[in-house]
Amino acid sequence: MSVLAVLRRVRAYGGHFLLLAVLTLVTALLVTGVPRIADRLSGQGLREQMADLPGARRDVLYTRPAEVQPRGTPQVAATHRSTLDSLLARMPAPVRDVVGERWYVAETEFGRLTGPELTADKGLFDLSLRTMTGLREAATLVGGRWPGEGATRARGAPVETALAETVARELGLRVGSRLHLALLTPPPDSREYAATTVEVVGLFRPIDPDGGAWDALPSALRLTPPVGDGQPFLLVGHTDEAGLDDRAADGWAVGFGWRYRVDPERLTPGRLDAVVAGLAELDRKRPAGLLLAQGVDIPLRQYADSLAAARTLLTVIAAGVLATLAGLTVLAARLAVRRRRAEYVLLRARGGSVTAVVGRGLAESLLVVPAAAVAGWLLGGLLPADPLGNGTPGAASRLTLVAAVLATLALPVAVLTGQRGGGGRRDLLRGRGGAGRLTVEVTVVGLAALAAFLLRRRGLALGGEVDPLLVLVPVLLAVAAALLALRAYPWPLRLFSRMAARARGAVAFLGTARAGRAGVAAPLVVVVLAIATAAFCGVVAVGIEDGRDRAANRTVPADALVSGDRFAPDTATELAALPGVRAVTPVLATPGQRLYADADGRPGGAGEAYVLLVEPAGFAEVARRSGLDLPVPAALRAGGDVATALPALVSPDFAAALADAQLADGAGRRPGWVDVQGNRLPFRIAGTAAEFPLIPGRTERFLVLPWPGLPADGPHPLAPTGFLLAAGDTTVDPATVSRVAEEGQTRYQTSGTVTGGKRPLPPQVTTWAAERERLGGSGVNGLLVFGFATGAAGGGVLGLLALAFAVLAGARGRGQVLSRLRTMGLSRRQWRGLLLVELTPLVVVSVLTGAVVGALLPVLLNPVLGLSAFTGGAPVTVRFEPGLVAGVLGLALLALAFAVAVEAVNNRRMRLGEVLRLGEES
């Protein structure tokens, strides 16, 4: 045929070719555009997650401990400053490429600072002199000048220094203040040596107090409080390199640091593995004499694990959507061939060969499908991609080419297979059998079962971009379930048809009889596949949200959690008096506690465990007022007496260790003993649990005890290490809670005989809402939302489209039957009822089968999907939510209404009277 003849045929059957073109365009658009959007979302999530980390968590820090420099060493500060470039050059290229800011710091050891302004009532002060790069760019002078900007300083002249404005104001210093600085020998004599004079020549104010230049410890922007009674405040003064060299020449120990900060804006998911591997190589390439500290690889590895799990999940969803599109393309080609059967039969009757007939279909397809694929590829290329990533243009182009070739061949293959067989009715029940079809169905079901078994046994294949078995299993299971449903659903319809035959009226009998022998195998398979994809997305999304809720409940089993060192006993009362607080209960957590065999401290042989003390009644009340369902085991609620043995809830691993040591049996005949803040507490096993709120994740050995009734005036009263707060429907101010908690911590630290010692860190206040937001706002969350939305919406829409194909496949036969029945007196109302009765089984079976398959797929694939990466390590369990059931029923009703509407529109377009006159094959 000439090109003009092909154009005429395409124009004559424009509707069929338009459908093929749209399906091809959508396929090419998804193949090209979805990876670009996924790459952009994953890159954006990576950079946002890293940017939210404290700056110190993103640092690679090299340090040389403070030591006395060899005598005669010239320009100590300048010599080590050049190491900043050499260390960067030694880093692996992937790490070097993501380094943004970098700083060099040289500082002396601390010396005792005295002077007229530093009166005795202010305390003791130790000063360290520091020089660093980037100081003048990170700060603004508010008085005086920078050290070294004056005249050349002679050897032995006062050391020039600049102080932060806040530090100088607190000490009463000003520009021009002269102070005495000297090293002290160890106690008890504490003699001065290597003394010098320090002159304050400038005061500065940081441009950004949170900038990375100020992250060196101790901070130069504030006084560091004493670590105990009689200890000095610590402060840092900035000097020039000449001043630091003078101190080094006088025998002061000098330490050095080189800090490199990873810039989130330079990170891309494509090079994430290379960066992590490069960070692992840093220690092997570390120069001798330097110490290396870096923790940036931990969040990068966590994100990489989450991203791998997200990509695995998206691969499963994409496989379902693309398989559905492939099925729709085949259905569209088959529908076009069916409508043109008479044309092909006439061509064969006039002497045309099979090759000529197939060639006609190929020519028509080549004129439409490749152009649609190119259009989809171009549209997909317009979607936003990651600005820092290189994307996957080659892979997208190859996939688009494969999709275009397969879509182009769909029509000629349908023409070839459509030549087989003759006319006549193909919807009879006996036509549903056949050895060939039965063999295919048994093979597909067997392959699906075997693939699912192998996937469960093997687990997830690591290190690959795409796991073929994981992609294949969901599609095979959906197809197998659809084939089984096709085999099963005619039998109850046949039974119901026999029952309807005995009743009055022909609508129910005729509708069930036609529904039982409807030949819609291929469309039903595609509908099941599409609905299964949508249901899979909904079930997994709900499971992840539920897992995040449980993870937040485990970390913060109340509206707010206060955690710190030890608090005064009256802190609970102070917290309960705050506005919005409805209930408070103390908790006491002590990790790594050793088990004893008796009260005298004889080793028990069961190792160590994480010990948690709670007030069972108060714990349950706080959880209830916080709206959380956290039942306290009855074993803890029963309480206990320290004179006998406290009931304990233990982890299975620790219970096994106790059993091996023959301790803490349930009867309490030989209790185990644990030391909690100086109190030896006996306990017996009253129950086991794999997890418990407030126990850190992945803690395999823990022990939960009810709060014992010890006297408050005893030698070792128990001091809480945290509190759980319930606020009901109101909110509490974390800043106020933190202030009250810090006061309680300070009261404990300074009361009674417990004074001095290391100053505890400020208490932390974590709200349930903040913890839940942190879990839900992980870096890959945007990618997950996109994948679930695309899969659910795409599966639902494509399922309705496949259902339309299923309706259109039998539209001609239904039209002839309805035309005959209308001439026999069938009313319009009965006609609609007949349509409903005939289409309802098809819709209900396809939607419910797809929903059941989609709900069971997460149960089957959960071990290989790695869903716990999205829930902070909490396992994801799949359950049937009422909302999902309601959604499935609503989708079934929508699908039924859509099917009836498609049938009605098609009947009006075909004009049923003409259908009856034209005959069987018109």
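Select T533 to begin. T533 counts as buried, at 8% relative accessibility. Buried means under 20% relative accessible area, exposed means over 50%, and partly exposed lies in between (1.4 Å probe, protein chains only). This is a predicted model: local features need pLDDT of at least 70, side-chain atom pairs count only at pLDDT 80 or more, and totals for chains, interfaces and linings use all residues. Residues are numbered from 1 along each chain as its sequence is written, and side-chain values use heavy atoms, with hydrogens and water left out.

**Around T533**

T533 sits in helix α18, residues 521-555. Helices (H or I, at least four residues) and strands (E, at least two) are DSSP runs, numbered from the N terminus. Now show the contacts of T533, where contact means heavy atoms within 4.5 Å. Setting aside residues up to four places away in sequence, T533 touches I317, G320, V321 and G791.

**The largest cavity**

Stay at T533, one of the residues that line the largest cavity. Rolling a probe the size of a water molecule over the atoms shows where empty space is left. Here a cavity is a set of points, on a 1 Å grid over the protein atoms alone, where a 1.4 Å probe fits but cannot get out; lining residues have an atom within 4 Å of a point. Grid points are joined across faces, edges and corners, and a volume is the space filled by probe spheres set on the points.

The whole structure holds five cavities of 30 Å³ or more. The largest cavity has about 70 Å³ of space. Select its lining: V316, G320, P474, V475, A478, L529, A532, T533, F536 and L857. Which helix gives the most to this lining? It is α18, with four residues. Helices α10 (297-339), α15 (468-488) and α18 each supply at least two.

Colour the lining by residue type. Eight residues are nonpolar, two are polar and none is charged. Ala, Val, Leu, Ile, Met, Phe, Trp, Tyr, Cys and Pro count as nonpolar; Asp, Glu, Lys and Arg count as charged; the others, Gly among them, count as polar.

**Salt bridges**

Next, show the charged side chains. A salt bridge is a side-chain nitrogen of Lys or Arg within 4 Å of a carboxyl oxygen of Asp or Glu. The whole structure has 38 of them.

Select R340 and E343. Their closest N and O atoms are 3.0 Å apart. Are these two residues buried or exposed? Both are buried.

Go on to R625 and E621, which meet at 2.7 Å, N to O. Both lie in helix α20 (residues 616-625), four residues apart, about one turn of the helix. An α-helix has 3.6 residues a turn, so residues three or four places apart point the same way. R625 is partly exposed at 36%, and E621 is partly exposed at 28%.

Then pick K285 and E281. This salt bridge spans 3.7 Å, N to O. K285 is partly exposed at 37%; E281 is partly exposed at 27%.

**A buried arginine**

Select R247, in helix α8 (residues 241-249). R247 is buried, with a relative accessible area of 3%. Leaving aside neighbours within four places in sequence, R247 contacts T108, L129, V159, A194, T196 and W252. Draw a line to A157: R247 and A157 are 90 residues apart in sequence but 11 Å apart in space, C-alpha to C-alpha.

**Helix α23**

Select residues 734-750. Helix α23 has 17 residues and reaches 24 Å from first C-alpha to last, close to the 24 Å expected at 1.5 Å a residue. The expected span is 1.5 Å times one less than the number of residues. The buried residues of α23 are V737, S738, V740, A741, G744, Q745, Y748 and Q749. They pack against β12 (560-563), α19 (571-576), β19 (722-726) and β20 (764-767).

**Backbone stops**

Finish in the loops. The peptide bond from L217 to P218 is cis, with omega near -5°. P218 lies between β8 (192-206) and β9 (233-238).

Q677 is not a glycine, yet has a positive phi of about 55°. Find Q677 in the loop between β16 (672-676) and β17 (679-688). Q677 is buried, at 12%.

R698 has a positive phi too, near 65°. R698 lies in the loop between β17 and β18 (702-706). R698 counts as exposed, at 83%.

Terms used
On a 1 Å grid over the protein atoms alone, a cavity is a set of points where a 1.4 Å probe fits but cannot get out, and a pocket is an open set with protein on both sides within 12 Å along at least five of seven lines; lining residues have an atom within 4 Å of a point.
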